Amino acid sequence: MLILITYDVNTETAAGRKRLRQVAKQCVNYGQRVQNSVFECQLDGVKYRQVKAILEKIIDKDKDSLRFYNLGENYKTKVEHIGAKAGFDVTEPLIF
């Protein structure tokens, strides 16, 4: 299933900037960055619960926020892209 992970981390302090780097680093392990604080992740139920638990431990729930959007298996009809940075299929292998 396609999960969209978004986050907003308060970076007014050094601790906040550290949390931001940690959240981004974990999200990179699970999906592709599509905007600064937005990741598209192709996850099964186990991986979804795993990344959610990891991110919840990193953030400060009084200052930061996480959002998880479950777009399911038929996400291609639910995602529309307009503008720079052409979209890509997260299920296809990336060629470098």
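What follows is a working chat about the fold, the sheet and the salt bridges of a predicted model.

Student: What does the secondary structure of the protein chain come to?
Tutor: In this predicted model, the chain has 2 helices and 4 strands, and from the N terminus on its elements run β-α-β-β-α-β.

Student: And in what order do the strands sit in the sheet?
Tutor: The 4 strands form an open sheet in the order β2-β3-β1-β4, with antiparallel pairing. The edge strands, each of which pairs on one side only, are β2 (32-35) and β4 (65-72), and the twist averages 25° from one strand to the next.

Student: How many bridges join β1 to β3?
Tutor: There are 5 bridges between β1 and strand β3 (residues 38-42), and the two run antiparallel; Leu4, for its part, stands opposite Glu40 in β3.

Student: Where does helix α2 lie?
Tutor: Helix α2, which covers residues 45-58, lies across β1 and β4, and runs at about 170° to β4.

Student: Which residues does Thr6 touch?
Tutor: Leaving aside residues up to four places away in sequence, Thr6 touches Ser37, Val38, Ser65, Leu66, Arg67 and Tyr69.

Student: Switching topic, how many salt bridges does the count come to?
Tutor: The count comes to 2 salt bridges. In one of them the side chains of Arg19 and Asp64 meet, at 2.6 Å from N to O, and this pair links distant parts of the chain, since Arg19 is in helix α1 (residues 14-30) while Asp64 is in the loop between α2 and β4, 45 residues apart.

Student: Are Arg19 and Asp64 buried or exposed?
Tutor: Arg19 is buried, with a relative accessible area of 11%, and Asp64 is buried as well, at 8%.

Student: Last one, on the chain overall: what share of the residues count as buried?
Tutor: Of the 96 residues in the protein chain, 31% count as buried. The chain exposes about 6,800 Å², and carbon and sulfur atoms supply 50% of that area. As for contacts between residues at least 6 apart in sequence, 64% join residues at least 24 apart.

Conventions
Residues are numbered from 1 along each chain as its sequence is written. This is a predicted model: local features need pLDDT of at least 70, side-chain atom pairs count only at pLDDT 80 or more; totals for chains, interfaces and linings use all residues. Side-chain values use heavy atoms; hydrogens and water are left out. Contact means heavy atoms within 4.5 Å. Buried means under 20% relative accessible area, exposed over 50%, partly exposed in between (1.4 Å probe, protein chains only). Accessible areas come from the Shrake-Rupley method with a 1.4 Å probe; for residues, only the protein chains shown count as cover. Two strands pair if DSSP finds at least two bridges between them. Axes are lines fitted to C-alpha atoms, for helices over the stretch in contact, and angles run from 0 to 180 degrees between N-to-C directions. A salt bridge is a side-chain nitrogen of Lys or Arg within 4 Å of a carboxyl oxygen of Asp or Glu.
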